[in-house]
Amino acid sequence: MNVEVRDLRVDYGEVRAVDGMTFSLDEGKIYGLLGRNGSGKTTLMSVLAGFRRESGGTVRVGGRPVFENGKVTSEICLIRDAGETIDIDKVDDALYFAEWLRPRWDAAYADELLERFGLRRKMSVKAMSKGQRSALGVVVGLAGRSPLTMFDESYLGMDAPSRYAFYDALLADFMAHSRTIILSTHLIEEYSSLFEEVMIIDRGRLVVQEESQTLLSRGTAVTGPADRVEEFTAGLTVLNTRRLGPTASAMVYGDLDEARRRKARETGLELGPIAMQDLFVHLTEPSGDAARAVPSEDASADRSGDTR
Ligand SMILES: Nc1ncnc2c1ncn2[C@@H]1O[C@H](COP(=O)(O)OP(=O)(O)OP(=O)(O)O)[C@@H](O)[C@H]1O
């Protein structure tokens, strides 16, 4: 299901949690939603799921408004963190409700996933560990096959083997049953290979929306003698510089064409990739407006109010 958001604002009293976001999401893609604590990820997804009404702007999912629109919300699933299912008695009840709510529910697949995560239908939800409750959320989110499925830090408490089982199941099921998936996470490196596109939000605003590979290709680590690094990076957007004695390593954001890359190598500089997590940290630096200084085309369109 495609998503169209225009100038979205969400206020909690005096607090503006989402501050004028405009973006579009395509059908059949996996999006990573990244942002520091309190940047507005949960609020944004709550509005996309129809749990909360927007304070201003418009939200359309599959071309239709979402809030208090049962036809649309039955096609949307937002799995939040592990505490949410705690009021439900047994795993069986959680699955019963999920099946009742979700028109595309696949019961056989739900059973397969339960087994994969070591869960049983008779288990008491209250007695489950945090990781087991997260795994139950994953089962509900995947077996629901909702055309817009969102997982909001749904890995909390899950150990590494369970998280990897989640990533494998998500990719395999997405390949078999295409839908729009949004994954919000702080485990950026672990998740990054799942994302086709990345959205970075900062203080309620969208600062980057890029294909994952494009975003990664915009970051380059330039390493070598400090004076040459300084000379080479003059005029470029430098997110961060580290010095170790006479050597410096600068994190450059922006496209470096082949001529520049050749020049760097000829002057004895090394060029390397930057991890998505490092890019994220520096693009959302509270002190500097790095991302705002070097917006992606999509995000700059967002701020100027253009449509994509
Ligand atoms: N119910 C609420 N009442 C008042 N303010 C709220 C409420 N929920 C969220 N906020 C505020 O809105 C802002 C965005 O919060 P939100 O939970 O959407 O961020 P987040 O990006 O999901 O954070 P985290 O990564 O820590 O989960 C924060 O400043 C938060 O304090």
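Colleague: How do S11 and S14 pair, and over how many bridges?
Modeller: In this predicted model, strand S11, residues 219–225, pairs with S14 in the antiparallel sense, over 4 bridges.

Colleague: What stands opposite Thr 220 in S14?
Modeller: Pro 273 in S14 stands opposite Thr 220.

Colleague: What is the strand order in that sheet?
Modeller: The order is S12-S13-S11-S14, 4 strands in an open sheet with antiparallel pairing.

Colleague: Which strands are at the edges?
Modeller: Strand S12 (237–244) and strand S14 (270–273). Each has a single partner strand, so one side of each has no neighbour in the sheet.

Colleague: And what does the twist average?
Modeller: It averages 20° from one strand to the next.

Colleague: Switching to the ligand. Which residues are around it?
Modeller: The residues around the ligand are Tyr 12, Val 15, Ala 17, Gly 35, Asn 37, Gly 38, Ser 39, Gly 40, Lys 41, Thr 42 and Thr 43.

Colleague: Which elements give two or more residues to that shell?
Modeller: Strand S2 (15–25) and helix H1 (41–48) do. The largest share comes from H1, with 3 residues.

Colleague: How does the shell divide into nonpolar, polar and charged?
Modeller: There are 3 nonpolar residues, 7 polar and 1 charged.

Colleague: Gly 35 is on that list. Which strand has it on a covered face?
Modeller: Gly 35 belongs to S3, on one side with Tyr 31 and Leu 33.

Colleague: What does S3 pair with?
Modeller: S3 runs parallel to strand S8 (residues 180–184), with 4 bridges, and parallel to strand S9 (residues 197–202), with 5 bridges. Gly 32 has Leu 183 in S8 as its bridge partner, and Leu 34 has Ile 200 in S9.

Colleague: Now the domains. Where are the bounds?
Modeller: The domain assignment gives domain 1 as 3–212 and domain 2 as 214–294. Their C-alpha centres lie 34 Å apart.

Colleague: How many residues are in contact between them?
Modeller: On the domain 1 side there are 13, in contact with 11 residues of domain 2.

Colleague: Which elements of domain 1 supply at least two residues of that side?
Modeller: Helix H7 (188–191), S9 and strand S10 (205–211) each do. S10 has the largest share, 4 residues.

Colleague: And how many residues on that side are charged?
Modeller: 5 are charged, alongside 6 nonpolar and 2 polar.

Terms used: Residues are numbered from 1 along each chain as its sequence is written. This is a predicted model: local features need pLDDT of at least 70, side-chain atom pairs count only at pLDDT 80 or more; totals for chains, interfaces and linings use all residues. Two strands pair if DSSP finds at least two bridges between them. Axes are lines fitted to C-alpha atoms, for helices over the stretch in contact, and angles run from 0 to 180 degrees between N-to-C directions. A residue is near a molecule or strand if its C-beta atom, placed from the backbone, lies within 6 Å of it. Ala, Val, Leu, Ile, Met, Phe, Trp, Tyr, Cys and Pro count as nonpolar, Asp, Glu, Lys and Arg as charged, and the others, Gly among them, as polar. A residue is buried if 20 or more other C-beta atoms lie within 10 Å of its own, exposed if 12 or fewer, and partly exposed in between; C-beta atoms are placed from the backbone. Domain bounds come from an automatic or database domain assignment. Two residues are in contact if their C-beta atoms, placed from the backbone, lie within 7 Å.
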